[in-house]
Amino acid sequence: MTPSPRFVRGRILSFRDDPRLVGERAASLIEDGAIRIEDGQVAAVGEARAILAHAPPDAAIDDHAGKLVMPGFIDAHIHYPQTRVIGSYGAQLLDWLQKYTFVEEQKFADPAHCEAVARFFLDELARQGTTTAVVYCTVHPESVEAFFAESERRGARMIAGKVMMDRNAPPLLRDTAQRGYDESKALIARWAGRGRLGYAITPRFAVTSSEAQLAAAGALAREHRDAYVQTHLSENFAEIAFVKRQFPWAKTYLDVYARFGLLGARSLFGHCLHLEETEVAALARSDSIAAFCPTSNLFLGSGLFDKQRLDEANVRVALATDVGGGTSYSMLQTAAEAYKVLQMNGQSWPGFQAFYQMTLGNARALGLQSRIGTIEPGREADLVVLDSRATPAMAHRMESHDGDLSEELFVLMTMGDDRAVAQTYVAGRGVKGG
Ligand code: GUN
Ligand code: ZN
């Protein structure tokens, strides 16, 4: 017997396309809409009157009157072992890694610690309306095991991988080229494509990997075409200088990754702040993705992401929190900080583009647009319910709102955070309280 359907009613907002390219008609809003959910998927969506007319008499109907129901947010770059590093004072990237991050990540040798932090992390993402994330674990396979096991238990669509790191890190955080390869391979065999889980081959960055290890990562990418690759690129000037010293044959930082076959349509490069022209061109040519991490870039004093330059060069861009260099789990707050970063370079980012990016835009960056990122029949029912009047200050601000959706979205991202997330659904199941 199939379980009875669930219905979610509210102002259903989903994007069909990129508003930067097609304008506001990219958005589809049904003011009094409803979604019929069966087996964790969207079975139907439309006007509430029409959808609810077919509801069984005892059907569960979640009525979110006045609130926006959107596809769940997608975070394209985040570190789950850094939940206790967030907000660490006074250092830029390389010192921050040594002083805080590498100390904390050593605790993940203990599986019980991994499990406890994975639970906290996934709870927190749910509270923030984030239903999919691309996640760095630590060098310990146990950290990946715990993360995937907990994600599977919750039925969440998550992508993650074991950090590969064989130099310039504390001995207890180092693997070797061979061990990094073997452990990643075993994790891919066990978890990649299982249920809603995906694997990301994760050489941390060129600073902490030998040539042999980057070659091993490249071999994994060739052997597992469905796997993602994630790493960091051009975040900080001292980091860039370090990479150039360490790989004197490389013309640019990105050249190091290119040499080992790590560029491509499933490759995510965190930060991409201080790129040379040839690097921008190589990212575009290879269909690689640049992950924009505004709160991290501001917090670590790394630099200002030049989105317009990458857009004009046709580089694919995703948006991400980068917790714990990033300072907020909230994709709303992340979008607000992205807007401010762009303002510093005379660039703009309307609410429509920001909400497109957090949903369908990031889904496209991950090649997952046939599964998540929109609300339409056959898509997985990962949803976020947003209240534009969640706080007294937001309600007060909205008193002068004239009904323009773009303005409402902009207020939501500028003033909103977890308090504006009234509910989150993972595969059709409400996971935030009530
Ligand atoms: N580069 C290499 N590792 C990291 C990390 O953990 N956070 C950030 N922001 N940059 C990195
Ligand atoms: Zn990062």
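Predicted model: local features only at pLDDT ≥ 70, side-chain atom pairs only at ≥ 80, totals over all residues.
1. Atoms around the zinc ion. Which protein atoms are the donors of the zinc ion (ligand 2)? They are NE2 of H77, NE2 of H79, NE2 of H232 and an OD atom of D322, at 2.1 to 2.3 Å from the ion. The angles subtended by the 4 donor atoms run from 91 to 163°, and the arrangement is therefore irregular. A tetrahedral label would need all angles to lie between 85 and 135 degrees.

2. Are H77 and H232 buried or exposed? H77 has a relative accessibility of 2% and counts as buried. H232, at 6%, counts as buried too. The cut-off for buried is under 20% relative accessible area.

3. Strands β10, β11 and β12. Strand β10 runs parallel to β11, and 5 bridges join them. Within this pairing, V229 has S267 of β11 as its bridge partner. Strand β11 (residues 267-271) also pairs with strand β12 (residues 289-292), again in the parallel sense, over 3 bridges. There G270 stands opposite A291 of β12. Strand β11 is mostly covered, with 5 of its 5 residues buried.

4. The open sheet. In what order do the 7 strands of the open sheet lie? The order is β3-β2-β1-β4-β14-β15-β16, and the pairing is mixed. Strands β3 (41-47) and β16 (429-430) are the edges, each pairing on one side only. Inside the sheet, β4 (residues 60-71) and β14 (residues 383-386) are antiparallel to each other and share 4 bridges. P71 has L383 of β14 as its bridge partner.

5. Two packed helices. Helix α13 (residues 331-344) packs against helix α16 (residues 405-415). The angle is about 100° and the axes are 6 Å apart. The two helices, α13 and α16, are therefore roughly perpendicular to each other; the range for that label is 65 to 115 degrees. On the α13 side the contact is made by L332, Q333, A335, A336 and Y339, and on the α16 side by F410, L412, M413, T414 and M415.

6. A cis peptide bond. Most peptide bonds are trans. Which form does the bond from V323 to G324 take, cis or trans? The bond is cis, and its omega is near 5°. G324 is placed in the loop between β13 (316-319) and α13.

7. Positive phi values. Most residues other than glycine have a negative phi. D39 is not a glycine, yet its phi is positive, at about 50°. D39 sits in the loop between β2 and β3, and its relative accessibility of 59% makes it exposed. D287 also has a positive phi, near 65°, and is likewise a residue other than glycine. Its place is the loop between α10 (277-285) and β12. With a relative accessible area of 40%, D287 is partly exposed.

8. G430 is part of strand β16 and, at 31% relative accessibility, counts as partly exposed. What does G430 touch, leaving out residues up to four places away in sequence? G430 touches Q423, T424 and Y425. G430 and V384 are 46 residues apart in sequence, and their C-alpha atoms are 9.5 Å apart in space.

9. A212 is in helix α7 (residues 211-223). Its relative accessible area is 46%, so A212 is partly exposed.

Note on methods. Residues numbered from 1 in each chain as written. Chains lettered and ligands numbered in written order. Heavy atoms only, no water. Donors = N, O, S within 2.8 Å, 3.2 Å for Na, K, Ca; no water. Tetrahedral: all angles 85-135°; square planar, octahedral: opposite > 155°, others 65-115°. Buried < 20%, exposed > 50% of the residue type's maximum accessible area, 1.4 Å probe, protein only. Pairing = 2+ DSSP bridges. Axes fitted to C-alpha atoms, helices over the stretch in contact; angles between N-to-C directions. Parallel < 35°, antiparallel > 145°, perpendicular 65-115°, else oblique. Contact = heavy atoms within 4.5 Å.
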